Structures are given as structure tokens and as C-alpha cells.
Amino acid sequence: FKRQAHAGSAFDSKRGRIIIFGSDTHGKDWSNSPLFFDLANLKWSRLYPDDDLSTYKVNSQGIAVAGSNGNHPWAMHTFGSVEYDPIGDALVVSSYPQHLEPGRFTDVLAEVWPQIRRHPTWILDLETGKWQTLPGESEHFFPYATAYDSDRHVIIGYKSSGIFELHLHSARWKRITSRGLLGYHNNAGYDSWHKSLVVFGSNRNSSDVIVYNPATRKHLKMATAGQRPPRDQHTPMAFHERLGKTVVLVDQAPDGRRTRDLNKMRAETWLYDLGNDEWTQVSGATLPFGGGMNYNMEYDPAHDLVLLVANPPGKPTAVWALRL
């Protein structure tokens, strides 16, 4: 399958597999099935065939649905807003198909779109393989990011309009702050060593780190003296639980000039240590191509591996593994 740059991912720690969900859409792609990469047999599978556009409709609750039974979400950009909830054994998707709005990139759903009354948070029960939607108003993190707080079993969402939390037992989103400190195309991870949300990247490119500590409500841009990675956006991120550091892949051209030609870029591996507010580059872990937009990096605690779903330009989708 062709990797969708706008798709998000999560790691199913119960079954040991990467889950990818999301589509580049824009009227050209209709990938709306979760994809699974099983670390035990090194094989990809999908939950169901992608639904045909002819099945896209709005149900009696005013929710956009797809599939012959009307029980799947539409294809959508998900960015960094796909999380695994180990308590509920579920995938949580906090995005919506904004780029299918008529007049943006395509008008193929112009007759259907006006019928939509709300865009919910979607939950996939991984035991049954069935989707459900959370009731009530939802927050959408298009084109931003979320992270799973493993200490409080809460999903934290970060965007320019603020920080939000989804308490899964109550199924309700709650606003925590009135604004964020970075633009869109950021990514986020939960640092379980310091019990804090770590956010990196911005649409105008940034090397700043934003930290939010739920216990203290401390929310700030870190000073970070010394070396930093190149400024970037929509970067792969994952928290390395054994090292206690956040892993970030950042594109860099050998001559220091940014280019859209990913063959001329290199994806550098950087580690952020929140305790010391310090970056270090892993010099031996640079990929020979630029990653571009990619939200598909996860940490596998059972194998102590950082896993990246990526592809060099013009090459097939592959899974790359890094042991630090």
C-alpha cells in the first residue's frame, strides 16, 4: 500500500503491532481502514477493504459514515491524533475529514456534506473490530496532535487554541488552557518519566520544545541552551520508555538548505532529555532520505525498539527499526 503522509499511528502493546489510520484524501485517496503491522510475523493486514465512495453518507444522528452498513468513519487526515488506549483496548481517533469539505480540494461530497451535524471522536474496539463514536461535542486535532497520558489514562490534545483532555471513563473533552504555544503541524508525546506532554514542530518550522505538566499545570516553552535539531514540522516522535527521552526525526539537507526533494534530504535522529532540557543527536542513526510529513513512529516496549513506517521517495512502504 502507499503510505499516506497525513495518517497517524499508535502502538497496540497488547498484541505487539503498529496501527496506522488516516488518508491523504483531497478527493484522490479513500483509505479508511486501519492497517496493522504485526511484529511477531512481520506482516501487514487491514481490518476491512477500504469503503467505496458510493457508501459515504450521513446517518440519522448527523454523523458522516461509510461502508455498506454505515459503521465506519470517512477517510480523513489524522496527523498525530491517533492513540492506543490500553485500558479500553481501543484506538482513539480525534480528527475529522476537514479536507473533504466542498470547495477545499474536491466537490464530490457536496450534496452529502451539508447534512453533517457533528464530527465525533471515533473509537475502535480492537477486540471486536467495531467502531463507535463518543457522544456529545468533540475536540478535533486537525492538523495537530494528541498523546496518551499513561499515568492518568487520559488523552491530551494540543493545538494553537489550547490544551484539551479526554477522560475516557467519562468520554468527555475538557479544555485546560486557553491557547497553545506552537502552530499547527506539531507532534506530541507523553514523557512518563517526568509525567509531562512534550510537543515539537510548527507549520513555520521550529526547534522549540513545549512542555505541559498536568499535575502542576505548568505550560511553557523550554529555554534549551546548547545544540538543537534543525527547525522542522510534522516530524515523527516517540517517547523511549527505557531511556526516558523523546525520539524525534528531523529532516536536514547536507548543505543546510531545505528542499522538497526528499532524495536530497536526510532524516536525522535526535533525543530530547526533558530533565536536563537537552538535545543530543544520534550520529549513527541518520536515514539516507528525508522523511517528509510522517506521524508514524512508535516505541515497542517488548522489543525495546523504535519503529518507523516510512519510504524513500519512489520506494515501497517499509518498517524501519532502531535500537538505542
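Reader: Which residues line the second largest cavity, and what makes a residue part of a lining?

Author: The lining of the second largest cavity consists of I63, A64, P73, W74, M76, S95, Y96, P97, H119, P120 and W122. A cavity is a set of points, on a 1 Å grid over the protein atoms alone, where a 1.4 Å probe fits but cannot get out, and a lining residue has an atom within 4 Å of such a point. The model is predicted, so local features need pLDDT of at least 70 and side-chain atom pairs pLDDT 80 or more, whereas totals for chains, interfaces and linings use all residues. Residues are numbered from 1 along each chain as its sequence is written, and side-chain values use heavy atoms, with hydrogens and water left out.

Reader: How is the lining of the second largest cavity divided into nonpolar, polar and charged residues?

Author: Nine are nonpolar, two are polar and none is charged. Ala, Val, Leu, Ile, Met, Phe, Trp, Tyr, Cys and Pro count as nonpolar, Asp, Glu, Lys and Arg as charged, and the others, Gly among them, as polar.

Reader: What are the volumes of the second largest cavity and the largest cavity?

Author: The second largest cavity has about 60 Å³, and the largest has about 70 Å³. Of the 14 residues lining the largest cavity, P236, L249, D251, G291 and G292 are the closest to its centre. A volume here is the space filled by probe spheres set on the grid points, which are joined across faces, edges and corners.

Reader: What makes the phi of H234 and of D277 worth noting?

Author: Most residues other than glycine have a negative phi. Phi of H234 is near 35 degrees, a positive value, and phi of D277, near 45 degrees, is positive as well.

Reader: How do you know whether the radius of gyration agrees with that of a compact globule?

Author: The radius is taken over C-alpha atoms, and the globule rule is 2.2 Å times the number of residues to the power 0.38. For 324 residues a compact globule would have a radius near 20 Å; the protein chain has 19 Å, which agrees.

Key: 1 Å grid on protein atoms, 1.4 Å probe; cavity = no way out; pocket = protein on both sides within 12 Å on 5 of 7 lines; lining within 4 Å.
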